[in-house]
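Subject: A structure for you to look through

Hello,

Here is the structure I promised to pass on. Please open it next to this email and follow along as you read.

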Amino acid sequence: MSVSQGTIKEQSEAKLAVSKEKNTRGVMLTTALMAGYSMIYMDKNMISTAIIPIAEQFHLTTSQTGLIMSLFFLGYSLMQIPGGWLADKIGYKKVLMLSLSLITIFSFAFGFAGSLLMFILIRFLAGIGHAGYPPSCSKGIAENFPKKRRTFVQSLILSTSGIGGILAFVIGARLIDLNWHYAYYALGTMFAISLLLVAFLVPNSHPTAKTKTEKKQVSFKSVISNRNVIILFVAMLLANVAFYGNMSWLPTFLKTKFTLSISTVGIILAVNAIGGTLASIFAGVLLTKYFAGKEKLLLMCCSVVSSLLFLGLVFSNTLALSIAFLYVLTFLLTTIFVGIFSWPHKILPENVIGSSIGIVNTGGTLGGFIAPMAFGALISMAGGSFSIVFITLAIAVVICGLVILNVKAEK
């Protein structure tokens, strides 16, 4: 009897030790991924503010500045699927480190750039660097967390969109006000720190136990032709046309329409970024606890209300009302983004998560490529008016909601 109790106690202690080790590994992984993602989003947000003094210094048109912002997303789009495939094949940590190394180099390089051609080329190469990070993060989540926790962990990591925004519009905007070159030297330094965190805190591949079904090989062709992957690809494209179309031109829109300084615009958008952080975490809770199996209803409602808020920005001539519309809009667009991005964890096999997220997020980066360039040209054609941009965004986000209705939840 005593031997049996001793054995039971040893087994219990062993299980507890394994559980603690897994929890520690999960916390370290999440911390490192969130640090890197914060820098990713800081970079994406900061360019929309930095482009204002760059345009003034180099006498660039809105079409040219839109091209600088869009070419980043072209590089991002071209490497998203290869980045996801590499995360599945060689391991997520290697791709994470390669991605952050490239972004560090090109962040410093952007600070030294001095011509339109160099701005375009460096942002394109930075986009290639960014491309490996999202699918590798998702692969790391899939390998280190049980399925029931993945949506929340994914939403927690995506909440760094707000943290990155806060950093971009508080620290970044202040440095840009002094000298935009300094902002990119600081950004490169922070990316280097994120690289070190990934190197020391992210564990090497430790796949979770797989069922016999999950062990079965799934071809890349079957992933890229999967109905749900294609639908989520299109939905993410439309969602990011709305998200990045809005984000790319907001600083210029607020500065021009209400005659604000860059620092004031930075404060408004920093508070907006805090709302984005809360929205991402809240979206994870909603999708996990209250709308599990009802994702379509939540995301469709968010799409319709977002469309109305875009139209509100067209007709509002009051700064306070426009800010209120903006904050609610960011909350809803973030919920849509988190919902689409985390959906593959629920409906696709773990062993193709990297590839599937890479494909879905390619839709998002294509949206980011199309929006700044297209809307920059539209603003020029409209004589500086932003009305046509927000009307187009209102249409895009409603179509996104309709596309989402076609997702089939069954595996």
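Is Ile47 buried or exposed? Ile47 counts as buried because its relative accessibility is 5%, where buried means under 20% relative accessible area, exposed over 50% and partly exposed in between, using a 1.4 Å probe and protein chains only.

Before going further, a word on what you are looking at. This is a predicted model, in which local features need pLDDT of at least 70 and side-chain atom pairs count only at pLDDT 80 or more, while totals for chains, interfaces and linings use all residues. Residues are numbered from 1 along each chain as its sequence is written, and side-chain values use heavy atoms, with hydrogens and water left out.

**The whole protein**

The protein has 17 helices and 0 strands; these are DSSP runs numbered from the N terminus, with helices being H or I of at least four residues and strands E of at least two. Of its 411 residues, 55% count as buried. Take the contacts (heavy atoms within 4.5 Å) between residues at least 6 apart in sequence: 87% of them join residues at least 24 apart.

Leaving aside neighbours within four places in sequence, Ile47 is in contact with Met69, Phe110, Arg123 and Tyr184. Ile47 and Met69 are 22 residues apart along the chain, and their C-alpha atoms are separated by 7.3 Å.

Now look at Gly172 in helix α7 (residues 160-178). Gly172 is buried too, with a relative accessible area of 0%. Not counting residues up to four places away in sequence, Gly172 touches Met42, Met46, Leu167 and Ala183. From Gly172 to Tyr182 there are 10 residues in sequence and 8.9 Å in space, C-alpha to C-alpha.

**The nonpolar core**

A nonpolar core is a set of buried Ala, Val, Leu, Ile, Met, Phe, Trp, Tyr and Cys residues joined through side-chain atoms within 4.5 Å. The largest one here has 123 residues, and those touching the most other members are Tyr37, Tyr133, Tyr184, Phe310 and Ile340. Helix α11 (residues 227-258) gives the most to this core, with 18 residues. As for Ile340, its contacts beyond four places in sequence include Leu232, Ala235, Met236 and Ala239.

Two packed helices are described by the angle between their axes and the distance between the axes. Axes are lines fitted to C-alpha atoms, for helices over the stretch in contact, and angles run from 0 to 180 degrees between N-to-C directions.

Helix α6 (residues 147-158) packs against helix α14 (residues 319-342) at about 135°, with the axes 10 Å apart. The two are therefore oblique to each other (under 35 degrees counts as roughly parallel, over 145 as roughly antiparallel, 65 to 115 as roughly perpendicular and the rest as oblique). The contact is made by Thr151, Gln154, Ser155 and Leu158 of α6 and Phe337, Val338, Phe341 and Ser342 of α14.

What about α6 and helix α12 (residues 262-290)? Their axes come within 7 Å and cross at roughly 165°, so α6 and α12 are roughly antiparallel to each other. Among the residues making this contact are Phe152 and Leu156 of α6 and Ile281 and Val285 of α12.

Enjoy exploring!
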